[in-house]
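Here is a short tour of a protein and its ligand, written to be read with the model open beside you. Could you keep the sequence at hand as we go?

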Amino acid sequence: MAFESLSDRLQGAVEKMGKKGKIQEADLKEMMREVRLALLEADVNFKVVKDFVKRVNERALNSEVLQSLSPAQQVVKIVNDELTDLMGGEQVGLNYADNGVTVIMMAGLQGAGKTTTVGKLANLIREQDKRKPLLVAGDVYRPAAINQLQTIGQQLDLPVFSLGTDANPVEIAKQAVAKAEAEGYDTVFIDTAGRLQIDEALMTELKNIKQTVNPDEILLTVDAMSGQEAANVAKTFNEDLDITGVVLTKIDGDSRGGAALSIVSVTGQPIKFTGTGEKLSEIEKFYPDRMANRILGMGDMMTLIEKAQAEFDEQEAERMAEKMKANTFDFNDFLKQMDQMNKLGPLEDIMKMIPGLNKLGGLDQLNIDPKEMARTKAIILSMTPYERENPDDISQSRRRRIAKGSATDLTMVNRLIKQFKQTRDMMSSMTNGNFGQLQNIFGG
Ligand code: GDP
């Protein structure tokens with residue numbers, strides 16, 4: 001996941017300072033040095049880093065940080081605010097036309113993820129904004145591009161407009177908009193050609209398309225893995241085309257985060273979405289504050305909650321919460337939760353979004369083994385309905401039967417039941433407002 005080493009370094013810097021009750025100006029200076037190095041290492045643009053550190057430093061010196069009782073937390077807050085600002089401050093949504101067809105033109109270098117993003121975005125707005133999109137195959141130079149878009153259209157059950165590889169992209173765009181108007185589509189996504197590098201011919205073509213269809217959005221797709229080079233690419237595209245926003249793809253890769261942190265200040269344009277994987281569902285709206293929280297290891301509960309909301313049935317979730325609170329969570333619930341969790345994505349990723357959890361050292365070593373999950377499931381499935389509902393009432397002889405039934409052994413069954421009870425009790429005390437240790441984790 002992007003930002004990992006940046007988070008580690010920033011958290012390291014904070015922790016170092018967090019141990020001190022009161023801090024001196026020299027401590028602050030040392031911390032700023034660490035922050036600067038962390039950002040440079042994350043491949044953030046040099047000038048952006050310089051301005052950033054200057055702002056944080058000024059704010060820290062001007063505020064009461066040095067006198068305060070929790071200086072580390074105050075500095076963290078300042079760094080957090082400034083990171084949020086650096087990434088644009090607010091979430092910026094798509095710019096839909098007030099009436100008529102909204103035209104969204106995509107731009108970007110080859111391989112940045114343009115075609116994939118067309119599909120992801122169209123699918124997202126169909127679901128979230130109840131839009132009716134039409135995808136347009138405007139990349140006529142790479143023959144595979146049209147097929148690729150058509151395949152994506154089929155997978156998502158979205159219509160694709162194409163005039164083949166012989167037509168002129170400007171003409172394609174024009175006809176596509178006319179078709180949308182005639183047939184009741186309200187949003188047109190124009191996939192355009194990319195090049196390995198920016199060149200005149202590419203820009204001229206994009207400008208011509210722009211002039212002809214007058215897009216409501218020109219979204220630039222850039223690959224987060226290319227670090228601050230992504231910011232340079234964005235800058236050039238913006239100068240030539242006046243883009244209206246950026247989609248930062250592949251932030252699931254091991255990029256260092258420099259792109260997200262440089263793009264907004266280098267281009268003045270917002271990052272509107274991020275691509276988080278190859279699957280067509282893997283796109284998220286970009287929230288600068290949540291990303292800042294994630295970078296600082298403060299978790300990203302909002303994204304987690306939203307993801308969960310999309311998957312969970314609300315009543316069911318409430319029922320679960322009540323059960324956790326009342327400490328009556330049983331193995332049936334556990335089984336359901338396991339299935340739900342599987343839908344949310346890899347457990348390691350989920351855990352990183354939970355505040356505090358990512359600071360409980362060793363998470364990186366936590367390999368959640370699918371085989372282990374399968375064994376756990378087998379054990380629970382070998383329990384009788386009575387046993388699943390009454391985890392406290394599973395005798396030794398029952399445990400032996402369960403072990404046999406699930407082709408595991410007594411030790412595994414014992415361990416699962418023990419861990420289950422511990423987790424259940426912990427959840428009960430947490431949902432009752434007693435966060436105990438967790439509350440103190442962040443510098444406390
Ligand atoms: P285009 O040339 O700009 O149209 O790029 P494509 O849409 O063909 O994407 C290039 C490659 O990047 C494909 O293999 C995609 O599956 C992959 N890709 C696109 N977006 C993402 C993303 O957010 N994460 C990951 N891991 N891969 C992506």
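## A buried serine and its surroundings

S262 counts as buried because 29 C-beta neighbours lie inside 10 Å; the term buried calls for 20 or more other C-beta atoms within 10 Å of a residue's own, exposed means 12 or fewer, partly exposed is in between, and C-beta atoms are placed from the backbone. This is a predicted model, in which local features need pLDDT of at least 70, side-chain atom pairs count only at pLDDT 80 or more, and totals for chains, interfaces and linings use all residues. Residues are numbered from 1 along each chain as its sequence is written.

S262 sits in helix α10 (residues 258-267). Helices (H or I, at least four residues) and strands (E, at least two) are DSSP runs, numbered from the N terminus. Setting aside neighbours within four places in sequence, S262 has contacts with V44, N45, V48, Q228 and A231; a contact means that two C-beta atoms, placed from the backbone, lie within 7 Å. T411, by comparison, is 149 residues from S262 in sequence and 52 Å away in space, C-alpha to C-alpha.

Most residues other than glycine have a negative phi.

Now to the ligand. Around the ligand there are 20 residues, of which G113, K114, T115, T116 and G275 come nearest; a residue is near a molecule if its C-beta atom, placed from the backbone, lies within 6 Å of it. Helix α5 (residues 114-128) gives the most to this shell, with 3 residues. By class, the shell has 1 nonpolar, 14 polar and 5 charged residues. Here Ala, Val, Leu, Ile, Met, Phe, Trp, Tyr, Cys and Pro count as nonpolar, Asp, Glu, Lys and Arg as charged, and the others, Gly among them, as polar.

How far can you trust the model? The protein averages a pLDDT of 84, and 82% of the residues score at least 70; pLDDT is the predictor's confidence in each residue, from 0 to 100. Confidence is highest in strand β3 (residues 160-161), at a mean of 98, and lowest in helix α20 (residues 437-440), at 39. Over residues 435-444 the pLDDT is below 50, and this stretch has 13 contacts in the model beyond near neighbours in sequence. For the complex, the predictor gives an ipTM of 0.99 and a pTM of 0.71.
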